[in-house]
Amino acid sequence: MSHPTRTDRRHFLQQSLATGAAALLGGCDRLSENATVRQLLGSAEHLNRRLQRTITPTNAMAREYPESELSPIFKSNGTYQPADPEYLALASANFTDWRLSVGGLVERPAQLSLEGLRALPSRTQITRHDCVEGWSCIGKWKGARLAALLEQVGPLPAARYVMFYCFDALDESGDRYYESIDFADAFHPQTILAYEMNDRPLPIAHGAPLRLRVERQLGYKMAKYLRAIELVDSFERIGGGSGGYWEDRGYEWYARI
């Protein structure tokens, strides 16, 4: 008899949690408005996250590919052209005046230009982008290691999460996109702030001048059009309190592939 692999067990645990949540929500729409049910679903999310961390080593690497497997066309996820006036002005000047603000629970807040980011230790990687919509593409990315940036600004002891704030808005409210990861992913060697794609400056459709690449999670975690990073101790005061634009609309915060 064959034995289940680690991947099989992980998928089983994920599916079990997802099935349980779907059963609760499928019975009656009003259940999703019930505080007890919301709390239960939130607990399942935290359980899923803990199980993932237990099953998968913190330093596990996402698969990397040879250049021969680069996708001839790499789809753009989310926004492909921000309408934000501030962003458009920066883009028209080739982002020479753009700065990445880094603050929150840090010892040394910073404002970094693209040149400053290029001076940080970098990494180049060819990885597969998996979108929650069901498609995948393989691309080559180069960028500053997020760990190097965090070491430069010095996280304070209370910091637990890294928030990313963007220029693009996905609905008519005008609310700009925001996303977050924890320190386990922030200090992972494949987590980079990408300024190049396929050996060229990052295109606008893919998040110019800077986007997050967190290769072990789904595409909606990889915030584009970055304008600011903030280290925080919780999500309570940010958006709906779930840690991201889509998470505040029902998506899972921990989007492990």
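Me: Is tyrosine 220 buried or exposed here?

Reply: Tyrosine 220 counts as buried, because its relative accessibility is 9% and the cut-off for buried is under 20%. Please keep in mind that this is a predicted model.

Me: And which ring does tyrosine 220 pair with?

Reply: Tyrosine 220 forms an edge-to-face aromatic pair with tyrosine 251, with 5.0 Å from centre to centre and 90 degrees between the planes. Tyrosine 220 lies in the loop between strand 9 (211–214) and strand 10 (226–232), while tyrosine 251 is in the segment after strand 10, so the pair ties together parts that are 31 residues apart in sequence.

Me: Is tyrosine 251 buried or partly exposed?

Reply: Tyrosine 251 counts as partly exposed, with a relative accessibility of 33%.

Me: Are phenylalanine 74 and tryptophan 141 buried or exposed?

Reply: Phenylalanine 74 counts as buried at 11% relative accessibility, and tryptophan 141 is buried as well, with a relative accessible area of 0%.

Me: Switching topic, what about salt bridges, how many does the structure hold?

Reply: The structure holds 14 salt bridges. In one of them the side chains of aspartate 84 and arginine 176 meet, at 2.8 Å from N to O. Aspartate 84 lies in the loop between helix 2 and helix 3 and arginine 176 in strand 6 (residues 176–182), so this pair ties together parts that are 92 residues apart in sequence. Aspartate 84 counts as buried at 16% relative accessibility, whereas arginine 176 counts as partly exposed at 23%.

Me: What does glutamate 86 do with arginine 176?

Reply: Glutamate 86 forms a salt bridge with arginine 176, and the closest N and O atoms are 3.4 Å apart. This pair links helix 3, where glutamate 86 lies, to strand 6, where arginine 176 lies, across 90 residues. Glutamate 86 counts as partly exposed, at 44% relative accessibility.

Me: Where do aspartate 185 and arginine 216 sit?

Reply: Aspartate 185 forms a salt bridge with arginine 216, the closest N and O atoms being 2.9 Å apart. Aspartate 185 is in helix 6 (residues 183–186) and arginine 216 in the loop between strand 9 and strand 10, 31 residues apart. Aspartate 185 counts as buried at 2% relative accessibility, and arginine 216 is buried with a relative accessible area of 5%.

Me: Last one, how many residues of helix 5 are buried?

Reply: Helix 5 (residues 146–153) is mostly covered, with six of its eight residues buried, namely Leu146, Ala147, Ala148, Leu149, Leu150 and Val153. Glycine 154 follows helix 5 and has a positive phi, near 75 degrees.

Note on methods
Residues numbered from 1 in each chain as written. Predicted model: local features only at pLDDT ≥ 70, side-chain atom pairs only at ≥ 80, totals over all residues. Heavy atoms only, no water. Buried < 20%, exposed > 50% of the residue type's maximum accessible area, 1.4 Å probe, protein only. Phe/Tyr/Trp six-rings, centres within 6.5 Å; stacked < 30°, edge-to-face > 60°. Helix = DSSP H or I, 4+ residues; strand = E, 2+ residues; numbered from the N terminus. Salt bridge = Lys/Arg side-chain N within 4 Å of Asp/Glu carboxyl O.
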